[in-house]
Amino acid sequence: MENIVTTVVAISSITGILAFLLSLANRTIGDYGEKKIIINDDKELIVEGGDSLLSTLIENEIFIPSACGGKGSCGYCKVKVLEGGGQFLATEKGYVSEGEMEKGVRLSCQCKVKEDMRIEIPEELFNVKQYLCTVTEIEDLTDKIKRIRLELPEGEQLDYKPGQYIQILTPIYRESDEEVYRAYSITTPPSSKNAVELFIGYIPEGICTTYIHKYLKEGDKLNIIGPFGDFQYINSDKEMILAAIGTGMSPIMSILRYMNENKIDRKVTFFFGARTRPDMYMMDVLAEFEKTMKNFKLITCLSRPTETCNWTGEVGRVTNLIEKYVKDGENKEAYLCGNPSMIDSVVKILKEKGFDEEDIFYDKFE
Ligand code: FES
């Protein structure tokens with residue numbers, strides 16, 4: 001009995017000492033003080049250390065892309081860390097390739113500012129700004145996809161390229177107690193600088209999509225940050241293959257609107273796939289493009305048509321359309337937007353047909 005009491009007392013004492021040391025460490029080691037971040041060997045920030053590099057940069061109005069709210073699950077927030085930043089973490093492995101790792105690429109949400117740092121970011125990120133927009137239109141395009149129109153504050157303009165995206169800062173609301181950023185492609189052409197439109201699909205339990213679909217009203221304010229993204233229309237004379245499913249139509253719509261407005265008459269075929277007839281949307285706009293753009297062709301398919309669809313068109317997936325209609329990769333480039341499995345399958349088919357990897361551009365979304 002005496003032995004048991006002695007053991008319990010010893011364990012309690014050790015636990016107490018460890019807890020004390022831990023709290024001491026938190027108070028001392030956690031207090032990193034002021035640190036210097038040199039960006040692109042040009043700009044210098046003096047910041048309070050201890051937070052993630054992503055949050056620290058955002059606090060200083062340098063907006064690095066982030067679609068998962070800093071949870072390390074989107075891979076958008078890559079930054080080249082040339083000095084400082086500590087050890088590469090296991091949480092970064094799935095998103096940073098070995099080649100990138102060798103160049104110092106890190107997920108800025110995983111990497112803490114504990115020492116002075118030297119980093120490199122794309123210059124265009126200095127043009128990314130936050131805008132408090134007004135929601136001026138909300139429309140149901142299907143029972144799961146809404147179109148929302150956001151007007152920028154008076155006198156402000158968003159300069160973006162066809163295909164780029166913005167991030168919405170979802171506020172705290174009844175079903176979510178955290179603010180999160182989510183990325184959405186812009187559907188309007190770059191000429192629409194004072195207002196942008198987005199197609200937003202409903203994802204069950206998605207924090208931002210639930211907010212947009214269930215709570216957002218016309219007249220509400222919404223913070224956006226942008227523009228972001230390397231998926232953009234490229235000027236060339238190559239024939240274009242466009243392919244999308246669901247809300248993947250968003251950046252493609254911006255590209256087509258841009259081409260239509262600027263009377264670009266490159267040969268372009270848009271392959272679009274949906275499940276059923278009611279899931280097809282913007283068909284009137286696309287039909288209009290077929291009249292105004294003499295080299296534009298739309299080819300659609302349904303993967304699960306029901307009897308009520310009265311569908312006489314193609315049945316199957318976008319991959320089947322690509323297999324059937326795209327003969328080869330000769331002088332062609334492809335722009336793809338959809339979920340990872342759709343993109344991976346289409347890229348594989350295009351490569352088999354002879355497309356060069358550099359001529360395939362894609363935007364994957366979950
Ligand atoms: S913000 Fe998503 S992985 Fe860093």
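**Cysteines**

I started with cysteine 337. Its sulfur lies 15 Å from the closest cysteine sulfur, that of cysteine 301, which is too far for a bond. I took a disulfide to be a pair of cysteine sulfur atoms within 2.5 Å. Cysteine 337 is buried, at a relative accessible area of 2%. Buried here means under 20% relative accessible area, exposed over 50%, and partly exposed in between, with a 1.4 Å probe and protein chains only.

I then looked up cysteine 301. The closest cysteine sulfur to its own is in cysteine 309, 12 Å away, so the gap is too far for a bond. Cysteine 301 is buried too, at 1% relative accessibility. The disulfide count by this rule is zero.

I note that this is a predicted model: local features need pLDDT of at least 70, side-chain atom pairs count only at pLDDT 80 or more, and totals for chains, interfaces and linings use all residues. Residues are numbered from 1 along each chain as its sequence is written, and side-chain values use heavy atoms, with hydrogens and water left out.

**Domains**

I read off three domains: domain 1 (34-124), domain 2 (128-228) and domain 3 (239-364). Their bounds come from an automatic or database domain assignment. The centres of domain 2 and domain 3, taken over C-alpha atoms, are 24 Å apart. Their contact takes 16 residues from domain 2 and 17 residues from domain 3. Contact means heavy atoms within 4.5 Å.

**Cores**

Which residues have the most contacts inside the largest nonpolar core? I found Met249, Leu256, Phe270, Phe272 and Leu286, in a core of 33 residues. A nonpolar core is a set of buried Ala, Val, Leu, Ile, Met, Phe, Trp, Tyr and Cys residues joined through side-chain atoms within 4.5 Å. Two or more residues each come from β12 (239-245), α5 (249-261), β13 (268-274), α6 (283-292) and β14 (296-302). Helices (H or I, at least four residues) and strands (E, at least two) are DSSP runs, numbered from the N terminus. α5 gives the most, with seven residues. The core draws at least three residues from each of domain 2 and domain 3.

I listed the contacts of methionine 249, not counting residues up to four places away in sequence. Methionine 249 touches Phe199, Ala244, Phe270, Phe272, Tyr281, Met282, Met283 and Leu286. A second, separate core has 29 residues, including Ile62, Cys111, Ile121 and Tyr165.

I traced an open sheet of five strands, in the order β2-β1-β5-β3-β4, with mixed pairing. Two strands pair if DSSP finds at least two bridges between them. β2 (43-48) and β4 (105-107) are the edge strands, each pairing on one side only. β1 (34-39) and β5 (117-120) run parallel over three bridges. Isoleucine 37 stands opposite methionine 117 of β5.

I checked arginine 106, in strand β4. Is arginine 106 buried or exposed? Arginine 106 counts as buried, at 6% relative accessibility. Leaving aside neighbours within four places in sequence, its contacts include Cys77, Phe88, Glu92 and Cys111.

**Strand β6**

I followed β6 (129-140) to its two partners. β6 and β11 (221-228) run antiparallel, joined by six bridges, and tyrosine 131 stands opposite isoleucine 224 in β11. β6 also pairs with β7 (145-151) in the antiparallel sense, over six bridges. There, isoleucine 138 stands opposite isoleucine 148. β6 and β7 form a hairpin with four residues between them.
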